[in-house]
Amino acid sequence: LAQAQTGPWLVRVHALNLDSANKDSTGLDLTVNNKVFPEVDISYFFTPNIAAELVLTYPQKHTVKAGGTEIGTLKHLPPTLSLQYHFSPDSDFRPYVGAGVNLTWITDSDLEIPGVGRLDTDDTSWGAAFGAGFDYKLDKNLFLNFDVKKVYIGSDVYLDGNKVTSIKIDPILYSIGLGWRF
């Protein structure tokens with residue numbers, strides 16, 4: 001009955017904090033900056049408990065450092081699709097868990113280590129995504145949302161066409177926002 005009253009769609013708008021793990025397999029100490037940016041997700045409920053969620057944003061520009069020294073920037077666009085289980089779909093407090101896949105497009109890579117040369121990255125990264133969160137009902141179709149996701153994003157790094165290292169950004173994403181169910 002609750003599903004019929006509110007509809008199968010839930011759209012959320014978030015402020016998202018990307019906290020990079022920054023794992024580098026060389027002594028270069030490659031890192032990507034953390035940042036806060038807007039994010040939108042769209043969920044479709046197949047049943048009151050089961051939903052598919054698509055997380056979207058615009059391409060994010062990051063500063064890349066080697067050993068604390070800025071070596072350039074890159075952009076990435078990281079849509080993530082997850083299947084979620086919502087535990088209490090009819091209560092005011094609605095916790096959920098989910099798992100899915102992330103596809104990250106890496107573009108506009110402009111990286112150079114002075115005295116060494118220009119670095120390139122892979123164009124795409126596929127990885128798993130895991131998350132948990134809750135919606136808290138504020139009004140009939142308005143919800144406060146808090147969400148945490150672990151997303152696996154990485155790339156090989158090339159110098160003059162030869163692979164020299166791999167970087168794993170593997171961020172934890174913390175977000176808070178509002179959702180509308182219709």
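Trainee: Where does Asn 22 sit?

Mentor: Asn 22 is in the loop between β1 (9–19) and β2 (23–24). Strands here are DSSP runs of E with at least two residues, helices are runs of H or I with at least four residues, and both are numbered from the N terminus. Before we go on: this is a predicted model, where local features need pLDDT of at least 70 and side-chain atom pairs count only at pLDDT 80 or more, while totals for chains, interfaces and linings use all residues. Residues are numbered from 1 along each chain as its sequence is written, and side-chain values use heavy atoms, with hydrogens and water left out.

Trainee: Why is Asn 22 called partly exposed?

Mentor: Buried means under 20% relative accessible area, exposed means over 50%, and partly exposed is in between (1.4 Å probe, protein chains only). Asn 22 has a relative accessible area of 21%, so partly exposed is the label.

Trainee: What is the phi of Asn 22?

Mentor: Asn 22 has a positive phi of about 50°, although it is not a glycine. That deserves a remark because most residues other than glycine have a negative phi. Asp 160 also has a positive phi of about 50° without being a glycine. Asp 160 is in the loop between β13 (154–159) and β14 (162–168).

Trainee: What makes Asp 160 count as exposed?

Mentor: Its relative accessibility is 66%, so Asp 160 falls in the exposed class.

Trainee: How many aromatic pairs are there?

Mentor: Six aromatic pairs are counted. Rings of Phe, Tyr and Trp (its six-membered ring) pair if their centres lie within 6.5 Å; planes under 30 degrees apart are stacked, over 60 edge-to-face, and the rest tilted.

Trainee: Why is the pair of Trp 9 and Tyr 44 called edge-to-face?

Mentor: The ring centres of Trp 9 and Tyr 44 are 4.8 Å apart and the planes are at 65°, so the pair is edge-to-face. It links distant parts of the chain, with Trp 9 in strand β1 and Tyr 44 in strand β4 (residues 35–45), 35 residues apart. Trp 9 is partly exposed at 37% relative accessibility, and Tyr 44 is partly exposed at 30%.

Trainee: And what makes the pair of Phe 93 and Phe 134 tilted?

Mentor: Their planes are at 40° and their centres 5.0 Å apart, so this pair is tilted. Phe 93 in strand β9 and Phe 134 in strand β11 (residues 124–137) are 41 residues apart.

Trainee: How do you know that Arg 181 sits over the ring of Phe 45?

Mentor: The rule asks for NZ of Lys or CZ of Arg within 6 Å of the ring centre and within 35 degrees of the ring normal. The charged end of Arg 181 sits over the ring of Phe 45, 3.9 Å from its centre. Lys 150 lies over the face of Tyr 152, at 5.5 Å from the ring centre.

Trainee: Which residues touch the most other members of the largest nonpolar core?

Mentor: Leu 30, Val 64, Ile 71, Leu 111 and Leu 119 do, in a core of 21 residues. β9 (93–113) is one of the strands that supply at least two residues, and β9 gives the most, with three residues. A nonpolar core is a set of buried Ala, Val, Leu, Ile, Met, Phe, Trp, Tyr and Cys residues joined through side-chain atoms within 4.5 Å.
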